[in-house]
Amino acid sequence: MTSNEQTVRLAHGNAEVAVDPGNGCRISSITVNGIELLRQGAKYGAFPMVPWCGRIAEGRFRNGGDLHQMPVNSPPHAIHGTGRDTAWTTARADDTSAAFTYELTDPWPYPGRVTQLVELGEDSLTLTMGVEAAADSFPAQAGWHPWFLRNLGTGKDVEIGFRPSWQERRGADHLPTGERIDPLPGPWDDCFGMPDGVDVTLTWPGALELKVTSRAEWVVVYDEQSEAVCVEPQSGPPNGLNTLPRLVTPIDPLEVSTTWTWRSLA
């Protein structure tokens, strides 16, 4: 492990991972056998979505009788939480794992703490996120937004394989309407339900297979860009702070985890 104030680097076997706590604690690089898997750039990589995932309708959510307004950073909505725009603190790090934290504060209206644990195995990466309430309970979500390269430079474009139980119908405002429909063919910017847990396979023919799994039951798939595809395991659907709130309390934190496992096809 090597680190400085901006980057923590982990290595195990033929895999290397870089984490940038100063830039939203995003995974800025994953290389396997020297091949980069993530789109590069300050806003790409794989970033945590917390304390909400995807869009909040017009940036507003209720907690009991209180109405809160989040910054509208994807008009007319607020998107992807505040964690990706926050500097995190490295709590510990060794050769193959590291833990990071940040304190929930303005513009989020409730005090608390978020922790992300990054664990690199020989052929897998496990990410675990926890959200704790310091005082009042509040609704929250957690998940990840990886930008996997569409093409690894070694052959054909990536193929996305998964079998969701349903797709959330997306309205003109890009929010789920509340109607569940049979999954439609892509391209997608859509949320899917997988009640037995997220299980999505990315295959770069002749190069690499990568499985995204999680006990979480929701995944957003976004493949409308030419450079990259996104497979986003998350604890609830977009706008879920309003439609399917999961309360975090001082005695009941939210925890979600995902594992990305790869094997060479070369």
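Which side chain meets that of Arg113 in a salt bridge? In this predicted model, the partner is Glu103, with an N to O distance of 2.6 Å. The protein has 266 residues, and its secondary structure comes to 1 helix and 27 strands.

**Overall dimensions and packing**

- The radius of gyration of the protein is 18 Å, which agrees with the value near 18 Å that a compact globule of 266 residues would have.
- Along the principal axes, the C-alpha trace spans about 55 × 45 × 30 Å.
- Buried residues make up 54% of the 266 residues in the protein.
- Among contacts with a sequence separation of 6 or more, 60% are between residues 24 or more positions apart.

**The open sheet of 8 strands**

- Eight strands form an open sheet with antiparallel pairing, in the order β11-β12-β13-β14-β27-β23-β22-β18.
- The edges of this sheet are β11 (89-93) and β18 (159-161), each of which pairs on one side only.
- From one strand to the next, the twist averages 15 degrees.
- Within the sheet order, β14 stands next to β27; these strands, residues 124-133 and residues 254-264 respectively, are joined in the antiparallel sense over 8 bridges.

**Strand β19 and its two partners**

- Strand β19 (residues 166-170) runs antiparallel to strand β21 (residues 189-193), and 2 bridges join them.
- Strand β19 also pairs with strand β20 (residues 176-181), in the antiparallel sense and over 3 bridges.
- Gln167 takes part in both pairings: its bridge partner in β21 is Phe192, and in β20 it stands opposite Ile181.
- The hairpin of β19 and β20 has 5 residues between the strands, and His174 in this hairpin takes a positive phi near 70 degrees.

- Side chains of opposite charge can pair when their charged atoms come close.
- The salt bridge of Arg113 and Glu103 links distant parts of the chain, with Arg113 in strand β13 (residues 112-120) and Glu103 in strand β12 (residues 97-104), 10 residues apart.
- Strands β12 and β13 are neighbours in the order of the open sheet.
- Arg113 counts as partly exposed because its relative accessibility is 37%, and Glu103 counts as partly exposed because its value is 42%.
- Glu58 and Arg60 form another salt bridge, in which the closest N and O atoms are 2.6 Å apart.
- Both residues of that pair are partly exposed, Glu58 with a relative accessible area of 43% and Arg60 with one of 37%.
- In a further salt bridge, between Asp252 and Arg246, the closest N and O atoms are 3.4 Å apart.
- Asp252 is partly exposed at a relative accessible area of 36%, and Arg246 is likewise partly exposed at 30%.

**A buried arginine without a salt bridge**

- Arg26 is found in strand β4 (residues 26-32).
- This arginine is buried and has no salt bridge.
- The nearest side chain of opposite charge to Arg26 is that of Asp85, 5.4 Å away; the pair therefore does not qualify as a salt bridge, for which a side-chain nitrogen must lie within 4 Å of a carboxyl oxygen.
- Leaving aside neighbours within four places in sequence, Arg26 is in contact with Ala18, Val19, Asp20, Ala42, Lys43, Tyr44, Ala46, Phe47, Pro48 and Arg84.

- Val231 lies in strand β25 (residues 228-234).
- Val231 is classed as buried because its relative accessible area is 0%, and the cut-off for a buried residue is under 20%.
- Beyond its neighbours within four places in sequence, Val231 is in contact with Trp144, Pro146, Val200, Leu202, Val212, Val219 and Val220.
- Val231 and Leu117 are separated by 114 residues in sequence and, from C-alpha to C-alpha, by 19 Å in space.

Terms used
Residues are numbered from 1 along each chain as its sequence is written. This is a predicted model: local features need pLDDT of at least 70, side-chain atom pairs count only at pLDDT 80 or more; totals for chains, interfaces and linings use all residues. Side-chain values use heavy atoms; hydrogens and water are left out. Two strands pair if DSSP finds at least two bridges between them. Helices (H or I, at least four residues) and strands (E, at least two) are DSSP runs, numbered from the N terminus. Axes are lines fitted to C-alpha atoms, for helices over the stretch in contact, and angles run from 0 to 180 degrees between N-to-C directions. Buried means under 20% relative accessible area, exposed over 50%, partly exposed in between (1.4 Å probe, protein chains only). Lys and Arg count as positive and Asp and Glu as negative; His and the chain ends are not counted. Contact means heavy atoms within 4.5 Å. The radius of gyration is taken over C-alpha atoms; the globule rule is 2.2 Å times the number of residues to the power 0.38.
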